[in-house]
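Subject: Structure handover

Hello,

Here is the structure you will be working with. Please open it first, then read the notes below it.

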Amino acid sequence: MTALLWFRGHDLRLIDNEALHAAARVGPVLPVYLHAPEDEENWPLGGAARWWLNHSLASLERDLSRHGAQLLLRRTSDSVTELLRLVEETGARAIFTHRRSEPAAAAVEQTLAGVLRERGIELHLSETHTLIPLGSLRTGTGTPYRVFTPFWRGLLARGEPADPVGVPTFEVVSPTPTTEPLASLGLLDGPDWAEGLRQTWQPGEAGARCRLEDFCARAREYGQWRDRPDLHGTSALSPHLRFGEISPRQAWHAVRAAAGTGAEPWLRQLAWRDFGHHLLHHFPHTTIEPLRPAFAGFPWREDATGLRDWQRGRTGYPLVDAGMRQLWHTGWMHNRVRMVVASFLVKDLMIEWQHGTRWFWETLVDADLASNTLGWQWTAGCGADAAPYFRVFNPVSQGERFDPEATYIRRWVCELSTHNPRDAQRPWQVPLVSAQYTPPIVDHAQARQRALSAYAEVRAQVVA
DNA sequence: TGAAATGTTGGGGCG
DNA sequence: ACGCCCCAACATTTC
């Protein structure tokens, strides 16, 4: 009895793949990936993610072929209809996949479960994309956690996650129904802009394993170096986790084994990822709207020029521009710098956080609806466990604290590459530089005051 | 997972 | 020697 193994782009691995295990127990396995941007509603994959997905699928094809299996690829506007068609073509009696937290994807699961039930076909949803199942962790009063630390404590109280599983032996369906070549999905259509991504990343399960091993050797020092964008201190696993080339519990156990109790700071970060999915599950509207209703009336500025300067890394603040250029070039940005650039957009420029969300969605290889939503609402102060609105990052002092030699700044802002660290941190103090490097587009001290008084307005509205 | 403004303290320069 | 002032260093408060 054929078992349809439905890959959904957050589960592109063979190791620790519970859906594959469940399918293999039932019968010959038919692995399928459907490219269905219309099913994602407001959030079809951005450009960087499409690049990653294309190469991750290519890697998955290769890995499957080693097991004698072919990945069936199709472009469709409607996953449910396409899956029903496949069920009829193959006589499959069950579909195996992994649950997703995104509202549109969860809706597809609901619809699919309904139409399959009518036909007596099973839908198996495995749940290893997060450490704990969605919706399974609640406060003492039964409400969803809105603050991270209690959530983290609750997660820890459940003990270590289950051990990962290996690749099962499985039979393969033959002959394979009609498939399309990977290129026909159109993920890489348009000009090739991805040279920087190719130089930085190796999408796929093997690349994920390399990153994990590399990180395990330095996991003990993570707590010490995690905030330093000039060093190789973080794991850089985010895109691999995003596409499910490694499961969070695989990463958890590997890092725990490598660093023991020294793993705690990184595991805590891994739990932030779970927190994001948990919040998206309970508050699906937050991808668009602030979690805290009071912020609906916040006096955001319309500023197309400022937005464009920010996107292109031309704000005149070296750390902000370095981050935005690293993002554009590599599809990734160090987390500390993400906070700084986000604070700059939302507070210094007072541009609506949703514009930042959209840009990150388009440009990040690790673009994830849950983490992206959580991060931007946190920065804007309108979300869960929000940074107090008055917490405004100073891009200069952040640069001096976390990039003390201006190595990171000089690497990404070529106009400053030949300057000494002091001048690279404060280029406006060096007369010669102004011709080469843009002057600050806002005065931070003034912008900070402007943001603080806007906050006072929102608070006044809440009271009124 | 801030930073600026404000308050406090103590050492040293200086009349 | 003494008291006054300045200000760096640190702590606390405020946004």
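Eight residues of domain 1 are in contact with nine residues of domain 3. Contact here means that the C-beta atoms of two residues, placed from the backbone, lie within 7 Å. On the domain 1 side, four of the touching residues are nonpolar, three are polar and one is charged. For these classes, Ala, Val, Leu, Ile, Met, Phe, Trp, Tyr, Cys and Pro count as nonpolar, Asp, Glu, Lys and Arg as charged, and the others, Gly among them, as polar. The C-alpha centres of domain 1 and domain 3 are 37 Å apart.

A word on the source. This is a predicted model, in which local features need pLDDT of at least 70 and side-chain atom pairs count only at pLDDT 80 or more, while totals for chains, interfaces and linings use all residues. Residues are numbered from 1 along each chain as its sequence is written, and chains are lettered from A and ligands numbered from 1 in the order in which they are written.

Domains and overall form

Chain A is assigned domain 1 (3-129), domain 2 (130-163 + 202-282) and domain 3 (293-463). These bounds come from an automatic or database domain assignment. The chain has 20 helices and five strands. Both are DSSP runs, numbered from the N terminus: helices are H or I with at least four residues, strands are E with at least two. The radius of gyration of chain A is 23 Å, close to the 23 Å from the globule rule for 464 residues, so the chain is as compact as a globular protein of that length. That radius is taken over C-alpha atoms, and the rule is 2.2 Å times the number of residues to the power 0.38. Along the principal axes, the C-alpha atoms fill a box of roughly 75 × 55 × 45 Å.

Of the 464 residues in chain A, 45% are buried. Buried means 20 or more other C-beta atoms within 10 Å of the residue's own; exposed means 12 or fewer, and partly exposed is in between, with C-beta atoms placed from the backbone. Take the contacts between residues at least 6 apart in sequence: 78% of them join residues at least 24 apart.

The core

The largest nonpolar core has 118 residues. Such a core is a set of buried Ala, Val, Leu, Ile, Met, Phe, Trp, Tyr and Cys residues joined through C-beta atoms within 7 Å. Leu4, Leu5, Val29, Val32 and Ile409 have the most contacts inside the largest core. Which residues does Leu4 touch, not counting those up to four places away in sequence? They are Leu30, Val32, Leu86, Val87, Ala92, Ala94, Ile95 and Phe96.

Phe96 lies in strand β4 (residues 94-98). Phe96 is buried, with 26 other C-beta atoms within 10 Å. Beyond four places in sequence, its contacts include Leu4, Leu5, Trp6 and His124.

Helix α15 (residues 353-363) also has buried residues, among them Trp353, Phe360 and Trp361. The buried residues of α15 pack against α2 (47-65), α12 (304-312), α13 (318-330), α14 and α16 (369-380).

Around the DNA

Which residues surround DNA strand B? Among them are Phe148, Trp272, Met339, Arg391 and Gln398. A residue is near when its C-beta atom, placed from the backbone, lies within 6 Å of the strand.

Loops to look at

Most residues other than glycine have a negative phi. Ala236 has a positive phi of about 55 degrees, although it is not a glycine. Ala236 is in the loop between α8 (222-225) and α9 (238-242). Asp385 also has a positive phi, near 45 degrees. Asp385 lies in the loop between α16 and α17. Asp385 is partly exposed, with 17 other C-beta atoms within 10 Å.

Ser184 sits in the loop between α5 (148-157) and α6 (195-200). Is Ser184 buried or exposed? Ser184 is exposed, because 12 other C-beta atoms lie within 10 Å. Ser184 and Arg75 are 109 residues apart in sequence, and their C-alpha atoms are 7.8 Å apart in space.

Best wishes
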